[in-house]
Amino acid sequence: MQQERSSLSQSQIRSPSSTKRSISISRGSAAYPRKRAVTACQVCRARRTKCDQKKPSCSFCESIGAVCNSDPASLSTFDPASIAIIERLDSLERKIDSIPQLSHLHHENGSSKNAHSHHKRPLGNFLPENLDAILKWPIFQHLTLPVTPTPSHCSPAPICSTTQASAISVELHPAACNQWLDDFFRHDHCKNPVLDEQSTRRLVRKVCQEGVGWDSESCLVLLVCANGALARPLLSPSVSTDDEFHSSTPNALFVASLKRLGPTLGSAGVVQAQCLFLAGVFLMSTLRPFDAWRMFLQSLAICQSFTYCDQPDPLSDGRSRSTVEAEGSIYWSAWKSERELRWELGLLDFGDMGLDTPRTFPSCSESYEGDNLRAWYFYLSEISLWRLETAVKNEMRRLVAETPAQVLDALAEIADENVQQVIAWQDSLPPSVSIAEHDLPTGDDGDVLRFVLRGRTTYFHELISWPFIFAVVNDEEDAPRVRQWAARGFAFHLERLSINRPGFYHRHHGTWLMVRSSARSACILLAGAQAPSTSELLPPNWQEAVEATISMLQFWCNDCAELVITVDILNRLFSNVYQQQ
């Protein structure tokens, strides 16, 4: 390299007289005769490659369309000591590159790093997020939206209020209890059949005769009565949770049960798990999701001690079928309630441990018939859809991790297949709970099961279409296949609002989740309306569905303070859409 530099023609070396400027004399300059080391343009010097010095542009700059600048005034000069150091470093780099293993590792690390930084995106771009995360989407960043409070921080204080709740008599009247029992099993228990009806009725009669004690059985009876006193048919007016509610019979029964809940937890058994679960059901019905989640989590923790969770065949150790049935039903109910609430509340998870469903389906009694058998058909149908949804979600996670560069193409490949799985699931449902070709509920009490199953399918469709909606709305993806699936996704969200509408004002275990999922779908439709390129993908009549959803949210504002801000946000987004038109 030094010989090459010395062979340069005088025309390539800037003479000291060509540019007049004062140059400070360094120690290096005093020790060595000063020579110019500039032999390449700026681009080639930065790349440390040889420059052919073609004019007006060297070959490399010409090939990439870069500005080739070899103006001597803009190029740095080095004294011989600096040149020696540079040459030494260049020699070391060549030696490292000559080692095959290290050279391969160097290039592999560099390429993988670039691929990772270019393709790695948050998992929320591909899997559904809750309402709070959607409001942080880039499409909304230009709007000044109020911050929604975290749902886990919105449960009004304290659960048990002795000052507001009227004291429950130590004696339960059989006539009132029978009515509460009828309402409980007709409107509430059918969605989560964790109790044996005949055994429960006998237990209630016993507590009515002997009086309410402080044991776990009395706690269970009070919780059954509290949920039964709150239960209503699908289309009947819901009990309010304003000041009048706090002094109502359902709340008084619930407060009395909470006083007995602590003493019952000294042991871990089926009854204790059932008490905690039914406490969670009541809290969900009164729109207290975080408090309900704590109950479901504790119920699930007790279930971990069951033999049902440890053995592939729970009946193999000679235990009674009724015990296995009780363990399986409460375990599944606590598991799915805890999982869906944890996600909607935005709570931290325990890695991948919670992604798999329990191994075994719960089994029902062979003596079940009529409404009890229908409730179990519903229960098993919902669980099978849960398992299917979990499997698809895990498959999508795998594709996101393994094919980051072509992830949308890979997800589109399996989307149609996943839709066919939902259709096959619907076709396999027993006639008593079938939702295929079935009208929306018309007031028949039994239709509440079909109503819940139809609502459950909307989560599956949301999962399948989520990555395409996110890509079109936030990344302005214009691939025809992606836009086609985004349009289907918007239609799915409109369908959810249509399916949920009969239950907009129905109080039950899933009311808060219905409120949140409806608000999420309305928000996604409004996100699509923010830009002309995506508004053309929206289905007809989406505005009317969003307006009806906002009215529903306003109805529940007295029960859930966070909804006041949610209503304000949706109204602002709606106004912004009209201003753009």
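This is a short tour of the model, stop by stop, with something to select at each one.

Before you start, note that this is a predicted model, in which local features need pLDDT of at least 70 and side-chain atom pairs count only at pLDDT 80 or more, while totals for chains, interfaces and linings use all residues. Residues are numbered from 1 along each chain as its sequence is written, and side-chain values use heavy atoms, with hydrogens and water left out.

**The whole chain**

Show the cartoon: the protein chain has 23 helices and zero strands. Those are DSSP runs numbered from the N terminus (helices are H or I, at least four residues; strands are E, at least two). Of its 581 residues, 50% are buried; buried means under 20% relative accessible area, exposed over 50% and partly exposed in between, using a 1.4 Å probe and protein chains only. Among contacts between residues at least 6 apart in sequence, 75% join residues at least 24 apart; a contact is heavy atoms within 4.5 Å.

**The cores**

Now select Trp137, Phe140, Leu172, Leu341, Phe468, Trp542 and Leu573, the residues with the most contacts inside the largest nonpolar core, which has 149 residues. Such a core is a set of buried Ala, Val, Leu, Ile, Met, Phe, Trp, Tyr and Cys residues joined through side-chain atoms within 4.5 Å. Helix α18 (residues 447-474) gives the most to this core, with 16 residues. Apart from this core lies another of seven residues, including Cys41 and Cys58.

Zoom in on Leu341: beyond its neighbours within four places in sequence, Leu341 is in contact with Met284, Pro289, Ala292, Trp293, Phe296, Trp512 and Leu513.

Back in α18, pick Val472. Val472 counts as buried, at 2% relative accessibility. Leaving out residues up to four places away in sequence, Val472 touches Glu477, Val482, Arg483, Ala486, Thr534 and Leu537.

**Helix α10 and two partners**

Select α10 (residues 216-230) and α13 (residues 270-285), whose axes are 9 Å apart at an angle of about 25°. Axes are lines fitted to C-alpha atoms, for helices over the stretch in contact, with angles from 0 to 180 degrees between N-to-C directions. The two helices α10 and α13 are therefore roughly parallel (angles under 35 degrees; over 145 is roughly antiparallel, 65 to 115 roughly perpendicular and the rest oblique). Their contact includes Leu220 and Leu223 of α10, and Leu278 and Phe282 of α13. It divides into twelve nonpolar, five polar and no charged residues; Ala, Val, Leu, Ile, Met, Phe, Trp, Tyr, Cys and Pro count as nonpolar, Asp, Glu, Lys and Arg as charged, and the others, Gly among them, as polar.

Most residues other than glycine have a negative phi, and most peptide bonds are trans. Go to the loop between α3 (42-47) and α4 (59-64), where Pro56 sits. A cis peptide bond joins Lys55 and Pro56, with omega about 5°. Gln53 is in the loop between α3 and α4 too, and has a positive phi of about 60°. Finish at Leu287, in the loop between α13 and α14 (289-303), whose phi is also positive, near 60°.
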